[in-house]
Amino acid sequence: MESSPPTITVQVKFAGRTIPVEVPTSASTAELKLLLQPLTNVLPRGQKLICKGKVLADAASLSSMQVGDGSKVMLIASQGLHQGEGPITKNSSGLAPSAKRTSNVKDNQTLKPEIISKSRAERWKITGVIALSGSNLKAVPEEVWDCGSSIRVLDVCNNSIEAIPQKIAALKSLNKLLLTANDISDGGISWEGLSCVDTLTVLSLSQNRLVTLPPSLGTLTFLRELCIANNMLGSLPVEIGLLKQLEILIANNNRITSLPSSIGDCESLFEVDLSSNLLAELPKACGNLHNLKTLHLRNNGLNSLPPTLFKKCWRLTTLDLHGTGITNDILRQMEGWEEFDERRRQKYQKQLDFRVGSSGVFDEGADDDNRHA
């Protein structure tokens, strides 16, 4: 059995705290930066490391820069090169910083429950729409569940709701469930109840306290749009591949480090937003998303794309790679680049023709090689 290579522990000072990082004695500065990426949410090219008054060069070994066991290194982060919600602080709460309520309720104010009149409940049944956004709710009113199969849309965004109970199963005709900007954490949703609603096509859970999604997400097979942005998700369940009808996936501003290969089974996907996460690579199976038109990957630790992305995703017209390690020169060397470039230029020209584009400057979609770190 091979022995592990010798290591040293470097004390990295960042954002008012000290982060101990264990690295091989032969490690370079660039390798240390890669280890710091998931610990600080700062992209490697946005990190400046200083030890004993000297800036550590990426290509240099730590030993050559006199960085040894117990050495103190200062990390300075370049503005705009943070991933997810920026640096993870020692006292960070479970609530994503961007989960801001649009209501005017103060944190220390006692929430008064919404009073549901009988006439209002009857109107819900007639219209099929329950609109309770910004209503100071800590829980979904019981009257909602009594409406049963009459309801198609339930909008309780911008409240302080902590749980969606098993009673959600009573809304058997529900198409849209909008839960954006609440206080829902892991275990706060009865996924068993939700899986009974086989008419659900839109589910929005953005700006909550979610850290994980359960395998039972895969039971929502009629889902067409899934919004889970601005949470603290570290991954997506393998079962997401069972969502064959999913067309839109909005998962930006989380802490997702990798995608399951099963994402390639979501054959209906045409819009994906994974901006501001902790992705270091994409699975090759992403090349199977033949209907993909829009892909946002801004502010991730990516240095490459699946080799078949341009060739197989023949409808792709929008690709945002700003703030990653992928440059325009790298893109131009990929197979299928010319066809992709023509498609997006045609789309841009149409926008100008309809006066949608205001600046008249064509966005290459990625940074140039001469960008500043």
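**Notes on the predicted model**

1. Let me start with the overall make-up: the secondary structure of the protein chain comes to seven helices and 14 strands. Helices (H or I, at least four residues) and strands (E, at least two) are DSSP runs, numbered from the N terminus. This is a predicted model, in which local features need pLDDT of at least 70 and side-chain atom pairs count only at pLDDT 80 or more, while totals for chains, interfaces and linings use all residues. Residues are numbered from 1 along each chain as its sequence is written, and side-chain values use heavy atoms, with hydrogens and water left out.

2. On burial and surface, 48% of the 373 residues in the protein chain are buried. Buried means under 20% relative accessible area, exposed over 50%, and partly exposed in between (1.4 Å probe, protein chains only). The accessible surface comes to about 18,400 Å², and carbon and sulfur atoms hold 51% of that area. The areas come from the Shrake-Rupley method with a 1.4 Å probe; for residues, only the protein chains shown count as cover.

3. A word on contacts, meaning heavy atoms within 4.5 Å. Of the contacts in the protein chain with a separation of 6 or more, 49% are between residues 24 or more positions apart.

4. Now to a sheet worth a look on your screen. Five strands make an open sheet in the order β2-β1-β5-β3-β4, with mixed pairing. The edges are β2 (17–24) and β4 (54–55); each has a single partner strand, so one side of each is left without a neighbour in the sheet. Two strands pair if DSSP finds at least two bridges between them.

5. Take the β1 side of the sheet next. Eight bridges join β1 and β2 in the antiparallel sense, and in their hairpin, which has two residues between the strands, Ala15 takes a positive phi near 55 degrees. With β5 (residues 72–77), strand β1 (residues 7–14) pairs in the parallel sense over three bridges. Val12 is a handy landmark: its bridge partner in β2 is Ile19, and in β5 Val12 stands opposite Val73.

6. On the β3 side, β3 and β5 run antiparallel and are joined by four bridges, while β3 and β4 pair antiparallel over two bridges. Ile50 has Met74 as its bridge partner in β5 and stands opposite Val55 in β4. The hairpin of β3 and β4 has two residues between the strands, and Lys52 in the turn has a positive phi of about 55 degrees. Gln47, Leu49 and Cys51 make up the covered face of β3, and Lys48 and Ile50 the uncovered one.

7. Which residues is Gln47 in contact with, leaving aside its neighbours within four places in sequence? They are Lys33, Leu36, Gln37, Val42, Leu75 and Ile76. Gln47 lies in strand β3 (residues 47–51) and counts as buried because its relative accessibility is 4%. Its side chain reaches the backbone oxygen of Val42 at 3.0 Å, and its bridge partner in β5 is Ala77.

8. The structure holds three aromatic pairs. Rings of Phe, Tyr and Trp (its six-membered ring) pair if their centres lie within 6.5 Å; planes under 30 degrees apart count as stacked, over 60 as edge-to-face and the rest as tilted. One of the pairs, Phe310 with Phe340, is stacked, at 4.6 Å centre to centre and 10 degrees between the planes. This pair links distant parts of the chain, 30 residues apart: Phe310 is in helix α5 (residues 309–312) and Phe340 in helix α7 (residues 337–353). Both Phe310 and Phe340 are buried, and together with Trp337 they form one aromatic cluster.

9. Last, the cysteines. A search of the whole structure finds zero disulfides, a disulfide being a pair of cysteine sulfur atoms within 2.5 Å. For Cys286, the closest cysteine sulfur is that of Cys313, 7.7 Å away, which is too far for a bond. Cys286 is buried, with a relative accessible area of 8%, and Cys147 also counts as buried, at 5% relative accessibility.

Conventions. A polar contact is a pair of N or O atoms within 3.5 Å; within protein, one must be able to donate a hydrogen and the other to accept it, and residues adjacent in sequence count only if both atoms are side-chain atoms.
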